[in-house]
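Dear colleague,

Please find below the structure that I am passing on to you. A summary of the findings comes after it.

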Amino acid sequence: MKKLIQLFVTVFLVSFVLMFIVHRLNTSEGLTSGNTITVFNWGDYIDPDLIKRFEKETGIKVIYETFDSNEAMLTKIEQGGVSYDVAVPSEYTIEKMIQEDLLIKLDHSKIPNLSNIDPRFMDMDFDPGNQYSVPYFWGTVGIVYNKKMLDGMTFESWNDLWDKRLKNQIVLVDGAREVMGFGLNSLNYSLNDTNKAHLLEAKKKLEKLQPNIKAIVGDEIKMLMVNEEAPVAVVWSGDAAEIMWENENLDYVVPKEGSNLWFDNFVIPKTAKNVEGAHKFINFMLDAEVAAQNTEYVGYATPNKAAMALLPEETVKDERFYPSPEKTARLEVYKNLGKRMLAYYNELYLEFKMHTK
Ligand code: SPD
C-alpha cells in the first residue's frame, strides 16, 4: 500500500512539473515567445538570407508573413488574430496606428544602429522624434517604360498614359492611394485632396484610362515588365530599379505634375509578445552591412547612410531612385486623411477596379 501511495505521489509530481513546463512554453513570457518573433512585411521586401542569419546569430526564430497593402496589413493587426512583433507600414498608416493606439513606443537604447540612419529621414511629421517607428526603405511612385517596345515614346506627364497608342499596354500597381493619387495628379490636384468633386473627377478620368489597362497587380508587375509582356507600368520606384537591373531597355520617370514620396518604417504593434526580440530584429536590420546587403537584394532606396557608403556609387548616385531633397520637395507624402475619407478613396478605387478587366 505504501509503495502504491509513493507511486501515486511521484506520478502526480512528474505530471505537475510537465504541465508547468508546457504552460511556460505557451505563455507570452515563456520560452516559445522568448525565442520567436512574428514579422509582418510587404511581399518581396527582404533578403531571406538575412532572416536566416538573424536566427543563427540570436537564436530567435522568425515567423515571417507578408501583405500587399497598408490597408490589408492594418485590418489584420486590428483583428488581433496573430500577435505580430514587427510590422512595416507606410507613413500615413503609421500616423493612423499611433492615433488608434496600436503601437508601442520604441526603446531607442535598444536600437543603437539608429545612428546609421540619415537624419534626413528621421523626425518626420507622421512620427515626430521617431517615438514609434524607424526608417526601412523609401521611394516614389512613377512610370517604368520599355524604350525599345515603345519606339521613342516618352513619359513626362501622367497624361501621357491616356495616349490611344497604349491600348491594353499598361500595368498598374494595385494600390488605392497610388491609383487615385496619379488620377488626381493628372488633373493637377493634390494626391491628398479631400474635395469629393475632385475625387469623382479623378475616378471618371481613370475610367477613361481603362482601355489602356492590361492588368492591375502587385509584385507580378516586375515579371511582366522584365519579360516584356507589357511596355508600361505605374510602380513604386524600388520595383522599377529591380526590373531595370534585369532589363536594360527600361527607364523610370516621375511625371512633372508631381507624385508620391513615401516612407516604409519598422514599428512594434501592441500585439507584440516578444518586444525584446522585436527590438533586436530592428537593430539587426539597421546594421550597415546588413542594410547594404538587403538594399542590393530588394532594390529599394535605403535611408541608412552607413549602408549607402558600402553600396556601389552608381546605385546611390542614381537620382531616379535616390532623388535629392530639392527633387523630393515637389513631391507629396500621403497624409492620414481620416477613416471616412480613406474609406471613400478605397470605395472609388474598388469601383474603378471592378470595371477594369
Ligand atoms: N514589394 C515591396 C513593396 C513595398 C512598397 N511599399 C510602398 C508603400 C507606398 N505607400
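The notes that follow take up the domains, the ligand site, the salt bridges and the backbone in turn.

Please bear in mind throughout that this is a predicted model.

Domains and their interface

The protein chain divides into two parts: domain 1 is made up of 32–132 + 263–316, and domain 2 of 139–260 + 331–354. Taken over C-alpha atoms, the centres of domain 1 and domain 2 lie 26 Å apart.

The size of an interface is often expressed as the accessible area that is lost when the parts come together. Here, domain 1 and domain 2 bury about 1,400 Å² between them, and 56% of that area is on carbon and sulfur atoms. In terms of residues, 18 from domain 1 are in contact with 16 from domain 2.

One salt bridge is found across the interface of domain 1 and domain 2. Asp44 and Lys222 also form a salt bridge, with 2.9 Å between their closest N and O atoms. Three residue pairs are in polar contact across the interface of domain 1 and domain 2, both residues of each pair being at pLDDT 80 or more. On the side of domain 1 that touches domain 2, the elements giving two or more residues are helix 5 (91–99) and helix 12 (288–298). Helix 5 supplies the largest share of that side, namely five residues. By class, the side of domain 1 that touches domain 2 holds eight charged, six nonpolar and four polar residues.

The ligand site

Which residues surround the ligand? They are Trp42, Gly43, Asp44, Tyr45, Ser90, Glu178, Asp219, Trp236, Trp262, Asp264 and Tyr300. For Gly43, a backbone N or O atom lies 2.8 Å from a nitrogen atom of the ligand. For Asp219, a polar side-chain atom lies 3.0 Å from a ligand nitrogen atom, and for Glu178 a polar side-chain atom lies 3.5 Å from a ligand nitrogen atom. Asp44, listed above as part of the ligand surroundings, is also the partner of Lys222 in a salt bridge.

Salt bridges

Side chains of opposite charge can pair when their charged atoms come close. The count for this model comes to 20 salt bridges. One further example joins the side chains of Asp49 and Lys52, at 3.6 Å from N to O. Asp49 and Lys52 are separated by about one helical turn, because they stand three residues apart in helix 3 (residues 48–58).

Backbone

Most residues other than glycine have a negative phi. Asp123 has a positive phi, near 55°, and is placed in the loop between helix 5 and strand 4 (133–146). Asn188, which is not a glycine either, has a positive phi of about 65°. Its place is in the loop between helix 7 (176–186) and helix 8 (196–209).

With kind regards

Key
Residues numbered from 1 in each chain as written. Predicted model: local features only at pLDDT ≥ 70, side-chain atom pairs only at ≥ 80, totals over all residues. Heavy atoms only, no water. Domains from an automatic or database assignment. Contact = heavy atoms within 4.5 Å. Buried area = accessible area lost by both parts, 1.4 Å probe. Salt bridge = Lys/Arg side-chain N within 4 Å of Asp/Glu carboxyl O. Polar contact = N/O pair within 3.5 Å; in protein donor to acceptor, adjacent residues only side chain to side chain. Helix = DSSP H or I, 4+ residues; strand = E, 2+ residues; numbered from the N terminus. Nonpolar A, V, L, I, M, F, W, Y, C, P; charged D, E, K, R; others polar. Near = heavy atom within 4 Å.
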